[in-house]
Amino acid sequence: MPEIKVTPLGAGQDVGRSCILVSIAGKNVMLDCGMHMGYNDDRRFPDFSYITQNGRLTDFLDCVIISHFHLDHCGALPYFSEMVGYDGPIYMTHPTKAICPILLEDYRKITVDKKGETNFFTSQMIKDCMKKVVAVHLHQTVQVDEELEIKAYYAGHVLGAAMFQIKVGCESVVYTGDYNMTPDRHLGAAWVDKCRPDLLITESTYATTIRDSKRCRERDFLKKVHETVERGGKVLIPVFALGRAQELCILLETFWERMNLKAPIYFSTGLTEKANHYYKLFITWTNQKIRKTFVQRNMFEFKHIKAFDRAFADNPGPMVVFATPGMLHAGQSLQIFRKWAGNEKNMVIMPGYCVQGTVGHKILSGQRKLEMEGRQILEVKMQVEYMSFSAHADAKGIMQLIRQAEPRNVLLVHGEAKKMEFLKQKIEQEFHVSCYMPANGETTTIFTNPSIPVDISLGLLKRETAIGLLPDAKKPKLMHGTLIMKDNSFRLVSPEQALKELGLAEHQLRFTCRVHIQDPRKEHETVLRVYNHLKGVLKDYSVQHLPDGSITVESILIQATAHSEDQGTKVLLVSWTYQDEELGSYLTALLKKGLPPSTS
Amino acid sequence: MPSECSLLLPRVCAALADPRQSGSDDTCLEKLLDWFRVLTRLDPTVSLLQDNPCLTDFIAAVLALPEPSLSILSFTLRLAGMLAASEHRFQHLQQEQLLVRLFGREGPLNSALWEDASVRSGWVAGVHSMMQHQPALHFLCNGGGIDVVFALQGDPSLFVASAASQLLVHMLTLSVESETTKPLSTVDCDWPACAQMIIKHIEDSLQSSSASHVEHSLKLLTNLFGSCCTPWTKVLWFSIAKHLESFLTEETVQAQHKLANLLLKMAWSPVFSEADSRFWALVTSALECFTPVQAGPLAVGVLRLYKCPQDVRMQALTVLLQPMDCILRAASQPLEYAGLLDESVSDPTTVESLLSSKSSCAGLLCQTLAHLEQLLSLIHLPVDLPYVSLLRSLMAILQFCNGSLSPASPLGNTISRILINCFRVQKSALDVLAALSERKGCDALIENLFDILLAYLESPNTSPTVLKKAFQATSKWLVCLQELSCSNSQWQQTVKILEAVFLVLQKRLCSPCWEVRDSSLEFLTVLIKYLRDQDEFRQCLLSSEVPRLTEDLLEDPESYVRASAVTAVGHLAFITYFSPEPPVMGNQYNKENTIAKLQEILSTDSEGFPRRAVISIFTKWLRQGCTGQLEDTEQFVSRVIQIVENDLDWEVRLGGLELVQVFCNQTVCQLGLPKCPYAPVPSAVTSSGHQNQSLQIFCRAKLFGFLFHSLCDCDKPLGQRACDILIGLRSHFYPTSTLKASQAVEESPAGHSVAWLQRTLRQGALAQNFPIDGGDGMDFQDPESMMLALGTIDFEDLHSELNRCSDHVEKSPQSLLQDIIATVGTTEENEADCY
């Protein structure tokens with residue numbers, strides 16, 4: 001029975017790094033290739049040695065698909081393609097292809113900067129990897145090979161994020177990546193066709209949460225920044241180069257404009273220009289509001305946000321600074337934090353999560369006395385705020401997407417086991433479909449029941465309709481014919497046509513059976529008794545006694561010979577064709593019962 | 001264990017065992033185990049448990065929980081296993097009845113918790129860690145635990161199944177190597193009890209009708225022969241040989257891939273010599289019986305062996321070359337070329353049928369080509385490959401793939417229809433082609449080969465990834481062509497090919513696709529690197545439009561391309577401006593213009609890649625002595641430093657420091673100081689005169705401001721590099737004995753500012769704005785102050801401080817323990833969040 005197999009190497013009952021292997025109709029696809037930022041050794045990458053025990057990765061995998069540019073979805077890609085040795089096609093959307101290398105490069109710089117890191121990719125590797133990427137448009141059906149096709153759908157979440165439909169023949173899987181079902185300040189809501197896939201693989205980060213509106217969180221953020229600046233404090237917002245940074249920039253820019261604020265806002269990475277360039281370039285991927293206002297004013301051309309110079313950190317007076325990296329674990333953001341931490345007027349706002357082993361993680365868990373290098377103790381007096389701006393679908397959104405796509409099965413990834421369990425039950429109850437939640441390394445097998453389209457020859461169709469009723473689309477009908485599988489297509493034709501097309505000769509298959517009868521008479525007399533018996537029983541059939549001594553009943557042939565060792569036993573050799581299988585069986589059964597007593 | 005950690009550990013254990021806590025994130029638990037792994041390895045005594053009773057209390061507390069969290073239970077299993085790795089601690093934990101409750105029948109393995117893969121994984125990992133001594137071995141075998149491990153080989157989790165297989169290998173090795181009393185013999189083999197159980201299990205599974213059981217055993221044996229090379233493994237081989245042999249005769253067994261893997265590991269094991277005829281006979285028949293796809297990896301593995309029976313090698317070679325042979329025969333007229341193989345030794349029917357099927361053709365070719373590339377990448381090939389025929393076959397594949405060859409033979413016709421536009425095969429074939437360029441003897445085909453390569457470079461159908469490979473192959477073969485034309489003086493052919501290459505390159509440099517423009521520039525740079533000394537090459541290049549187009553690409557919208565253009569322009573300069581006989585060129589190509597352009601990129605380009613490329617090219621020029629006399633070089637370096645010292649990208653600043661380092665070495669060398677013992681020293685110049693002169697040059701070039709500023713940079717690698725350079729300079733200006741004591745520095749005005757500098761450096765990255773041009777009286781261009789600074793600042797101390805990773809404090813065990821304690825009671829939202 002055809003099956004779809006799914007094995008998460010990452011994102012199986014966790015939110016660490018996504019990497020999911022899907023095997024569909026003989027094709028193997030890797031969905032996302034993420035990195036775990038919580039480790040600084042090989043554990044940060046998925047263990048690719050499990051993909052195939054035999055042969056090369058490139059031969060095994062038909063393609064890799066990246067859903068969006070976040071590092072937990074694409075961070076291991078250069079490692080996979082340039083260090084592990086995958087040399088096949090990689091697909092992602094145009095914005096993801098443009099932005100992904102910026103984030104990879106940013107993270108590489110931070111990693112190298114920290115020292116003590118091993119086995120990490122270089123700039124050249126990131127470039128070489130990106131050169132292998134094939135960029136796709138939304139709703140464009142891309143033929144990976146003759147059988148495998150993929151199609152991207154809008155996922156919201158971040159610029160360029162996409163859900164992917166993977167299709168082989170009539171079997172299909174939809175992978176959501178991360179998505180958001182409610183539009184936000186610059187992106188629209190995720191949307192997918194009613195494509196009824198065999199399997200929907202969906203993220204489930206907020207599987208049990210109904211999130212408060214993002215608007216509230218944004219208002220809260222602006223209020224806090226405003227209050228700090230008003231009292232003359234400095235605000236540090238540690239970010240990664242792209243993504244949330246741009247979102248928050250739009251937010252502050254609009255607010256500054258509206259409130260006519262004068263405190264400077266700085267962006268420290270030097271990447272703003274490129275990031276903004278891409279936001280401008282991919283304006284069609286943003287939401288309607290941004291697209292509409294684009295004609296009058298480009299949201300990504302910031303009037304108030306200026307490039308940061310290292311010397312500014314010591315300037316007196318209020319300011320807001322966006323600095324990388326986002327977890328306060330090296331470089332500029334950490335340096336600024338150390339300079340500002342001692343002043344209670346200042347504030348640090350962490351807009352994303354921080355892994356253990358970073359200063360960001362420490363202050364978020366409430367630690368206020370931090371040991372620094374050289375046994376110095378840094379007392380954190382500044383205010384510490386955490387504001388999650390991550391844009392994932394909540395429980396309601398996930399259910400909404402399932403309703404949209406109408407999958408036959410659902411598989412949950414990218415979430416916590418307990419929450420998944422709850423959502424799984426809800427999905428099974430509401431939609432009456434099977435829902436799975438494999439852990440990393442566990443394979444889920446889903447059996448599919450694909451309907452395979454077959455072309456029928458006109459001749460055969462005419463013949464069938466001549467003997468039976470006209471075909472009715474709503475009623476299944478049994479048809480007889482010869483199935484020809486050739487050049488990836490199926491055709492049902494009459495046996496004669498099949499023989500002709502394939503240049504084959506016809507062979508007759510006859511079934512034979514020997515029946516022993518006790519009859520001491522001569523052979524021809526036995527034959528005559530048999531003939532009379534059959535003629536009496538099979539009144540509706542044509543029973544003939546041929547001159548050569550044999551009997552025929554329709555296509556069935558009966559011949560009698562004396563047993564070589566026992567003349568009192570006669571052997572009846574019965575043979576028939578496939579078409580008369582039923583009659584042949586009936587006849588042998590009849591003869592086995594013996595002949596009626598002779599009347600003569 | 002550090003005392004700070006001992007103090008924190010009880011609270012950590014309490015937090016982890018508290019079921020009300022939502023649980024630490026998995027990375028914390030993993031890192032905690034990393035730390036315990038180090039601790040338990042360092043000290044095998046029981047004191048770790050005695051000094052920290054909270055550890056056993058923790059294990060007991062977790063066991064007492066009615067519903068422990070799965071991650072904590074898994075962690076506990078792994079921790080207990082690590083602790084029990086030493087015999088003393090094992091006994092201690094046994095006395096407390098903890099091990100039996102964790103790993104025995106009453107433990108998690110008979111509860112509903114066992115359903116969870118993380119618990120099973122923790123159990124296997126725990127047992128594996130513990131399995132370092134005989135008591136542990138007996139504990140598991142006598143308690144029936146070994147049956148659990150056998151069963152786990154078929155676990156639905158790949159991770160658990162693989163770990164169980166590894167564990168059995170480890171147990172078998174431990175049992176044989178620690179419990180065998182007399183040498184094992186093939187005749188009367190007396191395996192120790194535990195080993196006996198495992199071997200019996202292997203034998204039973206090999207005879208089992210269940211395909212999965214057979215596979216598990218083959219996998220286990222593969223792991224064993226891959227990791228253990230001791231002679232007893234050969235004894236084991238004798239017990240399993242008949243089963244393995246039967247797999248080749250019984251067609252019902254479908255484990256060819258796994259068997260091939262096993263045979264490969266065995267072939268590579270030093271315990272099998274050429275004389276082991278039974279083993280090699282098995283390998284030979286496997287090579288014969290398996291399909292080419294199954295046999296391929298085994299064949300290439302055998303061919304990489306230096307010692308192997310000749311007939312096995314021939315069989316392996318047949319497997320590897322057969323697809324290439326079929327291609328060659330399919331592509332050529334009958335009797336045109338001899339194939340790669342003698343038809344009498346190989347039956348091509350199977351390979352032909354695979355090659356004529358759409359579903360298998362590309363797969364088989366890609367695998368074969370990858371194996372060939374693997375072999376060709378070896379410096380010393382243990383076998384002779386028929387290079388010329390291979391090249392012919394490769395050329396045929398490439399022609400099939402671009403539709404330029406459609407032979408009359410039915411097979412050729414089918415293959416050509418299947419392969420047309422097949423990128424996978426194109427890429428693999430080009431990889432092998434590049435590797436083949438290193439091998440000699442293919443001269444006669446070189447012209448035809450370039451026809452094919454040029455067709456690929458020119459064709460609009462060539463995909464960017466294929467084009468990149470075609471460039472790589474072309475550059476390698478161009479180097480061969482040059483060597484060839486040097487030896488046979490056939491310059492005309494070379495010039496013709498080069499002209500054609502540059503014509504294609506001109507087009508490709510204008511491609512709308514950035515990947516193509518970038519690969520073209522990279523190709524050009526490689527060509528210049530290898531061929532810049534050849535007159536024909538230089539002439540062809542300079543008479544083409546390529547140099548102009550390359551310069552135009554300095555303004556490309558894509559930063560990757562701009563960076564590659566910078567590198568290419570930098571290399572072009574070696575054959576234009578910096579060449580001993582510069583060619584006559586138009587006005588637009590003058591040295592000053594190019595340098596100015598690159599400096600402009602360095603100061604204004606909005607992205608790091610082009611700026612990094614510029615600084616690295618400048619350093620390369622400086623290294624090769626292209627920047628003129630010392631005075632010009634000083635000005636050049638000074639100008640560059642001023643541009644890069646405030647660059648936002650720390651790697652550009654680091655590039656600046658590299659430039660400074662090269663400049664310092666060269667200056668010192670040029671002025672004839674001992675750093676460079678072979679440099680000519682003008683006799684009239686005294687040593688101290690040199691020192692003065694070089695110090696003045698460094699001060700004038702404003703090196704010191706940059707170097708000292710870098711010591712306080714928030715990006716660590718800069719501090720380290722600057723410190724290295726300053727230590728080098730100090731050793732140059734101060735022989736060790738003349739170093740001044742630091743307490744006397746404040747007496748003079750210079751001393752006052754050096755003292756300020758010392759204080760500032762101690763603040764490191766927290767230092768307030770660092771004044772480069774005079775601050776607190778500090779003059780970085782004053783030779784006297786700089787000399788004093790070099791002599792008094794403790795750079796070694798600074799160096800060791802800078803050499804630690806910037807988050808070493810946050811990564812320490814103490815910090816980890818604090819973090820775990822601090823996360824107790826934090827809101828769930830923070831933990832659940834992600835990007």
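This is a predicted model: local features need pLDDT of at least 70, side-chain atom pairs count only at pLDDT 80 or more; totals for chains, interfaces and linings use all residues.
**Where chain A meets chain B**

Now zoom out to the whole contact between the two chains. On one side, 88 residues of chain A take part, and they touch 86 residues of chain B. The size of an interface is often given as the accessible area lost when the parts come together. Here chain A and chain B bury about 7300 Å² between them, and 46% of that is on carbon and sulfur atoms. Within chain A, the residues that lose the most area to chain B are A:Lys131, A:Arg310 and A:Gln356, which together make up 11% of what that side buries.

Pick A:Lys131 out of that trio and follow its side chain. A:Lys131 forms a salt bridge with B:Asp518, and the closest N and O atoms sit 2.7 Å apart. Between chain A and chain B the count comes to 16 salt bridges. There are also 26 residue pairs in polar contact between the two chains, counting pairs with both residues at pLDDT 80 or more.

Which parts of chain A do the touching? The elements that give two or more residues to this side are β1 (3–10), α4 (94–114), α5 (123–131), α8 (272–281), α10 (331–340) and α11 (359–364) of chain A. The largest share, eight residues, comes from α4(A). Sorted by class, the side of chain A that touches chain B has 20 nonpolar, 35 polar and 33 charged residues.

Next, the rings. Over all chains, the structure holds 42 aromatic pairs. In chain A, one aromatic cluster brings together A:Phe45, A:Phe48, A:Tyr79, A:Phe80, A:Tyr86, A:Tyr107, A:Phe120 and A:Phe121. Chain B has a charge over a ring within its own chain: B:Arg532 lies over the face of B:Phe574, at 4.4 Å from the ring centre.

Most residues other than glycine have a negative phi, and most peptide bonds are trans. In chain A, though, the peptide bond from A:Thr324 to A:Pro325 is cis, with omega near -5 degrees. You'll find A:Pro325 in the loop between β15 (319–323) and α10 of chain A. The other spot is A:His414, which is not a glycine but has a positive phi of about 55 degrees. A:His414 is in the loop between β20 (409–413) and α13 (417–431) of chain A.

Technical notes:
Residues are numbered from 1 along each chain as its sequence is written. Chains are lettered from A and ligands numbered from 1 in the order in which they are written. Side-chain values use heavy atoms; hydrogens and water are left out. Contact means heavy atoms within 4.5 Å. Buried area is the accessible area (1.4 Å probe) that two parts lose on being put together, summed over both. A salt bridge is a side-chain nitrogen of Lys or Arg within 4 Å of a carboxyl oxygen of Asp or Glu. A polar contact is a pair of N or O atoms within 3.5 Å; within protein, one must be able to donate a hydrogen and the other to accept it, and residues adjacent in sequence count only if both atoms are side-chain atoms. Helices (H or I, at least four residues) and strands (E, at least two) are DSSP runs, numbered from the N terminus. Ala, Val, Leu, Ile, Met, Phe, Trp, Tyr, Cys and Pro count as nonpolar, Asp, Glu, Lys and Arg as charged, and the others, Gly among them, as polar. Rings of Phe, Tyr and Trp (its six-membered ring) pair if their centres lie within 6.5 Å; planes under 30 degrees apart count as stacked, over 60 as edge-to-face and the rest as tilted. A charge sits over a ring if NZ of Lys or CZ of Arg is within 6 Å of the ring centre and within 35 degrees of the ring normal.
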